[in-house]
Amino acid sequence: QVQLVESGGGLVQAGGSLRLSCAASGIRFSINAMGWYRQDPGKQLELVAVIRNGGITNYADSVKGRFIISRDNAENKVYLQMNSLKPEDTAVYYCNCNAVIRGLTGDYWGRGTQVTVSS
């Protein structure tokens with residue numbers, strides 16, 4: 001198993017910034033990709049950003065130019081720098097890790113951290 005612990009959520013005014021962090025821990029796992037998803041009540045889970053091995057990144061169109069995902073491979077951590085936040089960015093943000101353990105690939109999730117952007 002891979003355990004993910006997120007931190008950094010909170011309340012911020014529109015136009016402000018927040019930085020989310022996620023640390024992955026476990027025994028003998030190999031990470032393929034780490035990313036962030038978000039979900040607002042009544043809406044579907046949405047991919048925000050993902051960073052794959054080699055530093056390849058993908059972003060949702062709604063956050064391009066405002067959010068930056070980065071990864072510390074040595075520490076098994078992923079970060080999401082969120083700038084120019086908008087009220088529509090309000091959601092619970094979940095850290096995701098796609099990893100291989102004993103030859104099996106799986107997706108692992110954190111418990112989520114609330115981000116609230118006030119107008």
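Cys 22 is buried, at 1% relative accessibility. This value, like the others in this report, comes from a predicted model. The partner of Cys 22 in a disulfide is Cys 95, with an S to S distance of 2.1 Å. Cys 95 is buried as well, with a relative accessible area of 0%. The torsion about the S-S bond is about -85°, so the disulfide is left-handed. The two cysteines belong to distant parts of the chain: Cys 22 is in strand E3 (residues 18–26) and Cys 95 in strand E9 (residues 91–101), 73 residues apart. The count of disulfides comes to one.

Cys 97 takes part in no disulfide. The nearest cysteine sulfur to that of Cys 97 belongs to Cys 95 and is 7.1 Å away. Cys 97 is buried, at 0% relative accessibility.

## Nonpolar core

The largest nonpolar core has 31 residues. Those that touch the most other members are Val 2, Leu 4, Met 34, Trp 36, Leu 80, Met 82 and Tyr 93. Two or more residues come from each of strand E1 (2–7), E3, E4, strand E5 (46–52), strand E7 (67–72), strand E8 (77–82), E9 and strand E11 (113–118). E9 gives the largest share of this core, six residues.

With residues up to four places away in sequence left out, Tyr 93 touches Glu 6, Leu 20, Trp 36, Tyr 37, Arg 38, Val 48, Phe 67, Leu 80, Met 82, Gly 112, Thr 113 and Val 115. Among these contacts, Trp 36, Leu 80 and Met 82 are also in the group of core residues that touch the most other members.

## Aromatic pair and a charge over a ring

The count of aromatic pairs comes to one. Tyr 37 and Trp 109 form this pair, which is edge-to-face, with 5.0 Å from centre to centre and 65° between the planes. Tyr 37 lies in strand E4 (residues 29–39) and Trp 109 in strand E10 (residues 104–109), so the pair ties together parts that are 72 residues apart in sequence. Tyr 37 is partly exposed, with a relative accessible area of 22%. Trp 109 is also partly exposed, at 38%.

Arg 19 lies over the face of Tyr 79, at 4.1 Å from the ring centre.

## Buried polar residues and a glycine

Asp 89 lies in the loop between E8 and E9 and is buried, at 1% relative accessibility. A polar atom of the Asp 89 side chain lies 2.8 Å from the backbone nitrogen of Lys 86. Apart from residues up to four places away in sequence, Asp 89 touches Arg 38, Arg 66, Phe 67, Ser 84, Val 115 and Val 117.

Thr 113, in strand E11, is buried at 11% relative accessibility. A polar atom of the Thr 113 side chain lies 3.3 Å from the backbone nitrogen of Gly 9. Gly 9 is also listed among the contacts of Thr 113, which, leaving out residues up to four places away in sequence, are Glu 6, Gly 9, Leu 20, Ala 91, Val 92 and Tyr 93. Gly 106 lies in strand E10 and is buried, with a relative accessible area of 16%. Beyond its neighbours within four places in sequence, Gly 106 is in contact with Cys 97, Asn 98 and Ala 99. The C-alpha atoms of Gly 106 and Ala 24 are separated by 14 Å, and these two residues are 82 residues apart along the chain.

Most residues other than glycine have a negative phi. Asn 76 has a positive phi of about 55°. Asn 76 is placed in the loop between E7 and E8 and is partly exposed, at 25% relative accessibility.

Ser 84 also has a positive phi, near 50°. Ser 84 is in the loop between E8 and E9, and is partly exposed with a relative accessible area of 41%. The loop between E8 and E9 also holds Asp 89, and Ser 84 is one of the residues that Asp 89 touches.

Methods:
Residues numbered from 1 in each chain as written. Predicted model: local features only at pLDDT ≥ 70, side-chain atom pairs only at ≥ 80, totals over all residues. Heavy atoms only, no water. Phe/Tyr/Trp six-rings, centres within 6.5 Å; stacked < 30°, edge-to-face > 60°. Helix = DSSP H or I, 4+ residues; strand = E, 2+ residues; numbered from the N terminus. Buried < 20%, exposed > 50% of the residue type's maximum accessible area, 1.4 Å probe, protein only. Lys NZ or Arg CZ within 6 Å of the ring centre and 35° of its normal. Disulfide = S-S within 2.5 Å. Core = buried A, V, L, I, M, F, W, Y, C linked by side-chain atoms within 4.5 Å. Contact = heavy atoms within 4.5 Å. Polar contact = N/O pair within 3.5 Å; in protein donor to acceptor, adjacent residues only side chain to side chain.
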